[in-house]
Amino acid sequence: MFALRTITNNIRNNARLKHTLPELPYEYKALEPVVSCEIMSIHHSKHHATYVNNLNVAEEKLAQAKEKNDISAIIALAPALKFNGGGHINHSIFWNNLSPNGGEPSKELCDAINRDFGSLENMKNMLSTASVGVQGSGWGWLGLNKTNKKLQIATCANQDPLEATTGLVPLFGIDVWEHAYYLQYKNVRADYVKAIFDVANWKDISTRFSKAQC
């Protein structure tokens, strides 16, 4: 009976911990012409799916290492957990940060942007400059510093998650990995970054800002 209960609990725990690829809140073609249907399809169904799958594998190995109290194996899994976990976190935010009908920033968010950057255009320019300037692969972010309640621009290398890396709460992220834009914009990252604001989902960004202040 004990053995059966243990097996059952393990199955339940494994099922609960499994990560899944989130569905997009729009069709792959919905963000055209800013982001092509082909890019969205590959980016979501291939790249994001790979992060999810690899994260699940890494977590299974972590569970096994913990059962064996294998400290060396636990430490060795940290890079895979950070990379694939970050990839899953970042993209889950990114898809909702975009929309063909994103609206405008809420008054609350507008006031904060004007306070911390002078204007919405200034913020866009600062975030664009930071995102374009990322060396290699990474992300540009608009985040909230919960300590001083101020908005900040930050960048993260590779798939490093913003909050775990900097402490900032992610509001709006720009993926500047080449797989996010190269098929359409080639090596002109600046054009992609400029265009992405045309499909920014300010409703989602504003909601994230409101929740982050609680």
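Reply: Let us begin with a helix pair. The model is predicted. In it, the axes of helix H6 (residues 120–132) and H9 come within 10 Å, crossing at roughly 145°. The crossing of H6 past H9 is right-handed. On the H6 side the contact is made by Ser128, Ser131 and Val132, and on the H9 side by Arg189, Ala190 and Val193.

Me: Why would residues three or four places apart in a helix point the same way?

Reply: An α-helix has 3.6 residues a turn, so positions separated by three or four places point the same way. In the present pair, Ser128, Ser131 and Val132 represent H6 in the contact.

Me: What is the span of helix H2, and where is its kink centred?

Reply: One compares the span with the expected value, then looks for a bend. Helix H2 (residues 37–67) has 31 residues and extends 44 Å from its first C-alpha to its last, close to the 45 Å expected at 1.5 Å a residue. A kink of about 30° in H2 is centred on His43. After H2 comes Asn69, with a positive phi near 55°.

Me: Which side chain makes a polar contact with that of His43?

Reply: The side chain of Asp175 does so, at 3.0 Å. Asp175 lies in strand E3 (residues 169–175). Its side chain also reaches the backbone nitrogen of Trp177, at 2.9 Å.

Me: Is Asp175 buried or exposed?

Reply: One compares the relative accessible area with a cut-off: under 20% is buried. Asp175 is therefore buried, since its value is 0%. Beyond its neighbours within four places in sequence, Asp175 contacts His43, His91, Phe94, Gly138, Trp139, Ala180 and Tyr192. His91 is 84 residues away along the chain, yet the C-alpha atoms of Asp175 and His91 are separated by 8.3 Å.

Me: Where does Asn201 lie, and what does Asn201 contact?

Reply: Asn201 lies in the loop between helix H9 (189–196) and helix H10 (202–212). Asn201 counts as buried because its relative accessibility is 12%. Leaving aside neighbours within four places in sequence, its contacts are Asn96, Asn97, Leu98, Ser99 and Gly102.

Me: Which side chains make polar contacts with that of Asp204?

Reply: Asp204 is in helix H10. Its side chain makes a polar contact with the side chain of Asn97 at 2.9 Å, and another with that of Arg208 at 2.8 Å. With 15% relative accessibility, Asp204 counts as buried.

Methods
Residues are numbered from 1 along each chain as its sequence is written. This is a predicted model: local features need pLDDT of at least 70, side-chain atom pairs count only at pLDDT 80 or more; totals for chains, interfaces and linings use all residues. Side-chain values use heavy atoms; hydrogens and water are left out. Helices (H or I, at least four residues) and strands (E, at least two) are DSSP runs, numbered from the N terminus. Buried means under 20% relative accessible area, exposed over 50%, partly exposed in between (1.4 Å probe, protein chains only). Contact means heavy atoms within 4.5 Å. A polar contact is a pair of N or O atoms within 3.5 Å; within protein, one must be able to donate a hydrogen and the other to accept it, and residues adjacent in sequence count only if both atoms are side-chain atoms. The expected span of a helix is 1.5 Å times one less than its number of residues. The bend at a residue is the angle between axes fitted to the seven residues ending there and the seven starting there. Axes are lines fitted to C-alpha atoms, for helices over the stretch in contact, and angles run from 0 to 180 degrees between N-to-C directions. A crossing is left-handed if the near helix is turned anticlockwise from the far one by less than a right angle, and right-handed if clockwise.
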